[in-house]
Amino acid sequence: MSQYSILEIFDMETGARKTVREFDRIIEAPNWLNDGDTILYNAGGRIWRYSLSRDREEPVDTGACVSCNNDHVLSPDHRFLAVSCASDPANGWSSQIYILPVGGGQPRQVTEISPSFLHGWSVKDELAYCAFRPDPADGQNRIDVYAIPASGGPEVRLTDGVGYNDGPEYSPDGAHIWFNSTRSGLMQVWRMDRDGGNLTRMTHTDSNCWFPHLSPDGKTVVYLVFRKGDLEPWEHLPDKQVELWAMDADGGNGRKLLDLFGGQGTINVNSWAPDGKRFAFVSYR
């Protein structure tokens, strides 16, 4: 696996790709804070804060959460950070969801069952995540999208056990959840209502599409594309030749933005800048 990471920014208006900083370790999954200057990412089980203007990084105090993975999101007001963290550092499948102040502090556990891999936080104060759970019908493990109040409580399964369902993210108004699923064969981008109704396929490609991220105005979706045949549809591996694509929120105007060497860790979580004109991503060398 590559041990060299590059934090980059893509400008949607000019198509320019800018290198921000290079790292001699693996960093993953940038989140862009609404101050326009700070980007969060995970590395070595910790969450890091990077200032664009000062070119300086520092660890975020996440308390006992020292095995964080690349599934971390910000609350809509950016006052809090939710992370997926393994309770057993040797077992990533023990991932649970925790919430802490964005500046650092004591984490509060939200989910009770593992594994739970976070991806979305809605304006209605709900969290959406991918979870592996036994199906009530036959007891077999299914990979579905679930939701839970950010304050905690019972989780609700939103997808129906068909295919591998992952990467759920709320639209800015909280009305829809965008996610990726193999329910049609290859991994494709789908959209559903907040309660799981009105499933709509949004991409129709001969590739595997992952991690749809909506711009702050809800008009544009950026997503990651793995080439068919490079891996199984349900896999999202690092160190692959991949592409970043964009489409309008109605599924139209699909266009390739760039090619890169990346994959898992490139754009697992929403990394749009607050101005909606740029987004951050990670490539590898």
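Two strands are taken to pair if DSSP finds at least two bridges between them, the strands themselves being DSSP runs (E, at least two residues) numbered from the N terminus. The model discussed here is predicted, and local features therefore need pLDDT of at least 70, while side-chain atom pairs count only at pLDDT 80 or more and totals for chains, interfaces and linings use all residues. Residues are numbered from 1 along each chain as its sequence is written, and side-chain values use heavy atoms, with hydrogens and water left out.

On one side, strand 15 (residues 165–170) runs antiparallel to strand 16 and is joined to it by four bridges, with E169 standing opposite W178 of strand 16. The hairpin made by these two strands has five residues between them, and there G174 takes a positive phi near 80 degrees. Strand 16 is also joined to strand 17 (residues 188–193), again in antiparallel fashion, by six bridges, and in this pairing H176 has D193 of strand 17 as its bridge partner. Six residues separate strand 16 from strand 17 in their hairpin, where G185 in the turn has a positive phi of about 120 degrees.

A pocket is defined on a 1 Å grid over the protein atoms alone, as an open set of points where a 1.4 Å probe fits, with protein on both sides within 12 Å along at least five of seven lines, and its lining residues have an atom within 4 Å of a point. The largest pocket has a volume of about 560 Å³, a volume being the space filled by probe spheres set on grid points that are joined across faces, edges and corners. Of the 27 residues in the lining of this pocket, L74, P76, H78, W121 and N270 are the closest to its centre. Strand 3 (28–32), strand 7 (68–74), strand 11 (116–121) and strand 15 each give two or more residues to that lining.

The second largest pocket has a volume of about 490 Å³ and is lined by 23 residues, with N69, G92, W93, F117 and Q264 nearest its centre. Two or more lining residues come from each of strand 7, strand 9 (91–101), strand 11 and strand 12 (126–134), and strand 7 provides the largest share, four residues.

Strand 11 also contains S116, which is buried at 0% relative accessibility. A polar atom of the S116 side chain lies 2.8 Å from the backbone oxygen of I113.

The cysteines remain to be considered. The structure holds zero disulfides, a disulfide being a pair of cysteine sulfur atoms within 2.5 Å. For C65, which is in no disulfide, the nearest cysteine sulfur is that of C85, 4.0 Å away, and C65 is buried, with a relative accessible area of 3%.

Definitions and conventions. Buried < 20%, exposed > 50% of the residue type's maximum accessible area, 1.4 Å probe, protein only. Polar contact = N/O pair within 3.5 Å; in protein donor to acceptor, adjacent residues only side chain to side chain.
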